[in-house]
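Please keep the model open beside you as you read.

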Amino acid sequence: MQWEGGEESSNVEDRRGMGGPIAIGGGAASIIGIIVYLLTGFNFGGGGGEGIQHAPPNSAQEQEKVRFVKVVLHYTEEVWGDEFAKRHKRYREPKLDLFNDHVRSACGLADSAVGPFYCPGDDKVYIDLTFFDEMERKLQAPGEFARAYVVAHEVGHHVQNQLGISARVHPGDNDASVRLELQADYLAGVCLGLANRKHHFLERGDLDSALNAAFQIGDDTLQKRARGRVMPDKFTHGRSEQRVKWFKNGFNSPDGWYDQLDQFFSVRSSKEL
């Protein structure tokens with residue numbers, strides 16, 4: 001992915017080293033999912049006594065990750081700013097907080113095990129950069145474009161919140177949660193598809209890496225890896241094939257995205273998506 005030298009967002013706040021007590025906050029939308037984590041016990045932050053290995057904040061490796069996140073976030077700001085303006089709406093850019101171990105948000109306290117998440121209470125995306133390493137090590141989902149998908153998905157939740165879509169989902173409604181998450185995958189595809197049209201950052205294999213990431217974080221794949229069996233009634237984010245489908249649909253056909261949003265809530269069940 002050719003992102004080096006791209007313009008960086010100024011909306012990234014570095015809160016690494018400022019963690020608090022461990023707890024799980026309510027109202028947050030995570031690409032992996034707090035509920036999936038609790039049900040499967042699959043700890044993305046380093047389970048089994050391993051602990052989370054943090055690279056020094058000022059190391060070249062860590063600084064490259066920070067620059068990457070800033071560039072990708074700028075892509076999302078460009079795309080959604082333009083797309084909202086076309087519809088005579090104002091896009092309020094979200095903040096993105098980098099943290100490690102634990103973080104306090106308007107949605108409560110959370111630790112790294114829940115993965116990246118969006119909190120509608122403060123319009124912020126939260127990411128522990130070690131998750132990018134965990135994607136490769138535990139999820140078999142390497143690649144920079146896979147990481148860009150993670151950022152764009154969480155920003156997709158911010159777009160949903162701005163459009164009033166998030167209000168359709170009530171705590172405990174797993175079917176509605178699946179609809180929301182698949183729509184966020186679709187919005188991530190739309191955003192990165194439009195950004196690539198302008199900046200031409202994709203290289204050979206990049207799209208496959210994002211599609212593989214979408215597959216690896218499907219509820220069925222996560223549950224099978226953690227428990228050895230699939231529990232459809234516990235789905236909160238959608239099957240692997242659904243996540244791949246909707247990200248790919250958004251990426252390949254980003255035009256007219258706004259008119260396609262209702263389809264996620266018009267079907268009788270999320271299983272039909």
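1. A word on terms to begin: helices (H or I, at least four residues) and strands (E, at least two) are DSSP runs, numbered from the N terminus. We are looking at a predicted model, in which local features need pLDDT of at least 70 and side-chain atom pairs count only at pLDDT 80 or more, while totals for chains, interfaces and linings use all residues. Residues are numbered from 1 along each chain as its sequence is written, and side-chain values use heavy atoms, with hydrogens and water left out.

2. For the overall picture, the chain has 9 helices and 7 strands. Of its 273 residues, 55% are buried; buried means under 20% relative accessible area, exposed over 50%, and partly exposed in between (1.4 Å probe, protein chains only). The chain exposes about 11600 Å², with carbon and sulfur atoms supplying 47% of that area (Shrake-Rupley method, 1.4 Å probe; for residues, only the protein chains shown count as cover).

3. Contacts (heavy atoms within 4.5 Å) are worth a look too. Among those in the chain with a separation of 6 or more, 78% join residues 24 or more positions apart.

4. Now to the charged pairs. Side chains of opposite charge can pair when their charged atoms come close. The structure holds 19 salt bridges, a salt bridge being a side-chain nitrogen of Lys or Arg within 4 Å of a carboxyl oxygen of Asp or Glu.

5. Start with helix 3 (residues 130–137), which contains both Glu 134 and Arg 137, 3 residues apart, about one turn of the helix. These two form a salt bridge, and their closest N and O atoms are 2.8 Å apart. Glu 134 is buried at 8% relative accessible area, whereas Arg 137 is partly exposed at 45%.

6. What does the salt bridge of Arg 197 and Asp 255 link? With 3.1 Å from N to O, these side chains meet in a salt bridge that links distant parts of the chain: Arg 197 lies in helix 5, and Asp 255, 58 residues away, lies in the loop between helix 8 (240–252) and helix 9 (263–266). Arg 197 is partly exposed at 45% relative accessible area, while Asp 255 counts as exposed at 54%.

7. Please also check the salt-bridge network, which links Asp 14, Arg 16, Glu 62, Lys 65 and Asp 133.

8. Is strand 7 (residues 124–128) mostly covered or uncovered? It is mostly covered, since 5 of its 5 residues are buried. In a regular strand the side chains alternate between the two faces of the sheet. In strand 7, Lys 124, Tyr 126 and Asp 128 point one way and Val 125 and Ile 127 the other, all of them buried.

9. Finally, the partners of strand 7. Two strands pair if DSSP finds at least two bridges between them. Strand 3 (residues 95–99) pairs with strand 7 in the parallel sense over 5 bridges, and Asp 97 has Tyr 126 as its bridge partner. Strand 6 (residues 117–119) pairs with strand 7 in the antiparallel sense over 3 bridges, with Cys 119 opposite Lys 124. The hairpin of strand 6 and strand 7 has 4 residues between the strands, and Asp 123 there takes a positive phi near 55°.
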